[in-house]
Amino acid sequence: MSEMPRKAVSRTARLAALPLSFAGRATLGLGKRLGGRPAEEVAAELQAQTAEQLFATLGKLKGGAMKFGQAMSVFESALPEDVAGPYRAALTKLQDSAPAMPTRTVHSVLASDLGDDWAANFRSFSDEPSAAASIGQVHRAVWQDGRDVAVKIQYPGAGEALLSDLGQLARLARMLGPLIPGVDIKPLIAELRERVTEELDYRLEAESQQLHAQEFADDADIRVPRVVAQSGRVLVTEWLDGKPLSQVISDGTRTERDRAGQLLARFLFAGPARTGLLHADPHPGNFRLVKTGRAASSWQLGVLDFGTVDRLPGGLPRPIGTSLRLALAGDAGAVYELLKQEGFVRPTISLDPDAVLDYLVPIIEPTRAEQFTFSREWMRTQAARIADPRSPAYNLGKQLNLPPSYLLIHRVTLSTIGVLCQLGATVRLHDELLRWLPGFAEDEGAK
């Protein structure tokens, strides 16, 4: 694969081939079963083949197709194990890797945006990318002042490809459903599409990252690389070593998982409180566990990629913390009234407050305990309860509304919980909420 495919016809054909190939393999599988092979064996083979094609197609296309795959990868913990197993390895590859663009293209972008003498900015520059993601890839280099740096370079044609892919994926959402059972794909694609313009602007990303870097400069727990330079499609930041969260998920020790999970939860709530911005791309490829000493309490969470943020000048909305506190206290009436005020319950709909509270209580279980162990099993239980048409939670959930101002907050929270479940981390979430979430502490509620 030499370059990002930019022709809409070519990209559309590749995306459309996914569900068609899935259907073809299903037909072939039927033939194998008729030929005497066990159904379970054939099904496992089909799932594995489909997963591999999903990774190969989305990874090669990059753009919106790969971003869709990255977003899906954090939700695999909600899927039944027989479905999630084959997809886990394939989708998690998309969290921090993709086929690289050729060296000549890299040099062309650097010359265009940093000048023909771009190499003079560096003591050394590695043509081999260290990571590749949905709209750009990262190269390791040494800046002219001796600092190790990460050079993020946007793929030529990334904007056009991103919008084209997401539009096509939206049209194929119903056909793509069988590829990732149990996940509502269309709203996810719509929300991703709304964010593409901002993510393509590396100037905005540099501003968001530098704000975080300054705020957390002396923090004992969170580390954000400083911005060194930015021009056009090139962003240069300080290099950050550490163990990628994807590796912690795959082979981390219990201590590594718990520390990473605690700091990830802390950053989810502390970030908006301290910077007025919500880091809105919480897939494992954007985080590192930085071991600054032998004691786990000294380890830090390194945070990368601030291309997508939600601007929250006052931090996370106070009604989130207030409604959560009231729900934990069992005050169904007050919770219901607050949800109505915020638009979660439409004016034309009347619901039973106790039924609403019953719907919420299992979901907010991690916030009640002194500490809570997240797991794929817990996530699957919640997903099954809400997705089962026979469940009261399913019918009630269909009547609730998600106001536009809460869309990104909701997705980021769910994605972070998905990562915590992948980690299997034991987290003191209640402590983080008390410290950082407006309205959650009882003394705040009395103000």
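Guide: Start with the open sheet of four strands, in the order S4-S10-S9-S7, with mixed pairing. Strands here are DSSP runs of E with at least two residues; helices are runs of H or I with at least four; both are numbered from the N terminus. Two strands pair if DSSP finds at least two bridges between them. The model is predicted: local features need pLDDT of at least 70, side-chain atom pairs count only at pLDDT 80 or more, and totals for chains, interfaces and linings use all residues. Residues are numbered from 1 along each chain as its sequence is written, and side-chain values use heavy atoms, leaving out hydrogens and water.

The edges of this sheet are S4 (222-223) and S7 (243-244), each pairing on one side only. S7 is joined to S9 (residues 287-290) by two bridges, in the antiparallel sense.

The loop between S10 (300-303) and S11 (309-311) holds Asp305. Most residues other than glycine have a negative phi. Asp305 is not a glycine, yet its phi is positive, about 60°. Asp305 is also buried, at 15% relative accessible area. Buried means under 20%, exposed over 50%, partly exposed in between, with a 1.4 Å probe and protein chains only.

Further along comes helix H14 (residues 332-342). Its buried residues include Ala332, Val335, Tyr336, Leu338 and Leu339. These five cover an arc of only 165° around the axis, so they sit on the same side of H14. The arc is that of the directions from the helix axis to the C-beta atoms. The buried residues of H14 pack against H13 (318-328) and H15 (353-360); contact means heavy atoms within 4.5 Å. After H14 comes Gly343, with a positive phi near 95°.

For context, look at the other sheet. Five strands form an open, antiparallel sheet in the order S1-S2-S3-S6-S5. S1 (122-132) and S5 (227-231) are at its edges with a single partner strand each, so one side of each has no neighbour in the sheet. Neighbouring strands are turned by 20° against each other on average, direction ignored. S1 and S2 (residues 136-143) share six antiparallel bridges. Ala132 stands opposite Gln137 in S2. Helix H10 (residues 202-215) packs on this sheet, touching S2, S3 (148-154), S5 and S6 (234-238), and its direction makes about 165° with that of S5. Axes are lines fitted to C-alpha atoms, for helices over the stretch in contact; angles run from 0 to 180 degrees between N-to-C directions.
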